[in-house]
Amino acid sequence: MDDEAAVGAVLVATQLKRFRDLCEVDGPIEPRFTGATKHVLLADDRAFLFPRNHTIVGQLTRECDVYATVDQPLVPRLLGRWDEPGISPYPFFAVTRLRGTEPADLSPERLQLLAEQLGTALAACHHISPATVPPSLWANPWSEPPPAPPTAADCYTPLRELGGAEHLADEVASLIGPAARARLLEALQAVDAMDPVLAHGDLYESHLLLNESGTLTGILDWGFGGVLSPLVDFTCSQWDSTSWAAERSYGDLRRHLWTTYAECRSVPLPSWEQVHLALTTFDIAALAPETETHYYWQKSPEWQAARRAAAQDSLQAQLK
């Protein structure tokens with residue numbers, strides 16, 4: 001089936017004609033059906049986003065609120081919104097089209113390069129003041145926005161989602177002993193006290209674009225974005241197993257991400273050593289069989305068990 005015929009899965013002929021006239025689209029249209037929440041119609045210079053069904057309208061609206069807020073070349077920019085029942089029963093949106101392809105299997109060298117580029121881009125996105133962000137984005141998608149922009153004390157953080165610093169330190173106390181627990185608790189508290197930023201919230205390879213030379217060209221799918229702890233963009237829990245396999249040692253992906261990110265931010269941040277301790281403890285808790293969490297839900301039980309064992313070994317080595 002050619003592209004023009006495939007577009008019929010989103011817009012039938014009469015809808016397509018109205019769409020072309022309203023949005024001034026004359027040339028070829030490339031459909032994309034791989035997204036979990038939306039269909040995408042690609043024109044030469046724009047991407048048109050259509051919700052898959054009525055349950056997705058709020059999330060796509062949220063995504064486009066981010067695009068209207070972030071002014072960063074690697075993030076799509078909102079160009080328009082339409083409510084036209086003659087074209088679609090749901091609102092649809094236009095954003096700038098960013099070109100590139102999803103990262104393929106990564107060697108350790110390419111993984112490092114991608115992580116460093118992504119760390120730089122995240123620093124630019126996180127630089128936005130939460131006070132300038134629409135109130136609809138002051139919480140994660142599952143929570144009602146607070147009456148004021150959240151602070152470090154009340155924003156969403158992955159560590160608090162798993163019980164908080166004290167609880168996490170207790171969870172691994174048997175692995176490290178009481179003396180090391182104090183050092184770990186200090187790191188957990190420092191990481192959990194970071195000021196909130198406009199974070200992506202669902203960052204992994206499928207939401208990234210690279211050009212043929214391996215340069216990062218886009219960060220897509222901000223539907224889970226919000227004013228959250230910066231740490232949400234560094235758990236890397238949804239990254240593909242082949243990317244984890246490209247690490248030379250446990251934590252390499254996050255180390256390259258964080259160290260580049262911290263160099264580009266102009267605010268005080270925890271050290272990599274503190275972040276490494278915190279994220280290692282996060283892995284141990286999030287990967288526990290009894291933990292009910294959305295983190296790592298796509299990974300097999302065998303992969304989770306092996307990753308958790310590696311995290312336990314790493315934590316003990318860090319706290320020697």
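I began with the hairpin that β7 and β8 form, which has five residues between the strands, and I noted that Gly214 in the turn has a positive phi of about 90°. Strands here are DSSP runs of E with at least two residues, and helices are runs of H or I with at least four, numbered from the N terminus. This is a predicted model, in which local features need pLDDT of at least 70 and side-chain atom pairs count only at pLDDT 80 or more, while totals for chains, interfaces and linings use all residues. Residues are numbered from 1 along each chain as its sequence is written, and side-chain values use heavy atoms, with hydrogens and water left out.

I then looked up how β7 (residues 208-210) and β8 (residues 216-219) pair: they run antiparallel and are joined by three bridges, where pairing requires that DSSP finds at least two bridges. Opposite Leu209 I found Gly218 of β8.

Next I turned to the cores. Which residues have the most contacts inside the largest nonpolar core? They are Leu118, Leu216, Ile219 and Trp239, in a core of 81 residues, and α10 gives the largest share, nine residues. Such a core is a set of buried Ala, Val, Leu, Ile, Met, Phe, Trp, Tyr and Cys residues joined through side-chain atoms within 4.5 Å, and buried means under 20% relative accessible area with a 1.4 Å probe, protein chains only. Another core, of 16 residues, lies apart from it and includes Phe48 and Trp82.

Finally, I followed Trp239, which touches residues including Leu111, Tyr204, Trp244 and Lys299, leaving aside those up to four places away in sequence; contact means heavy atoms within 4.5 Å.

Key:
Buried < 20%, exposed > 50% of the residue type's maximum accessible area, 1.4 Å probe, protein only.
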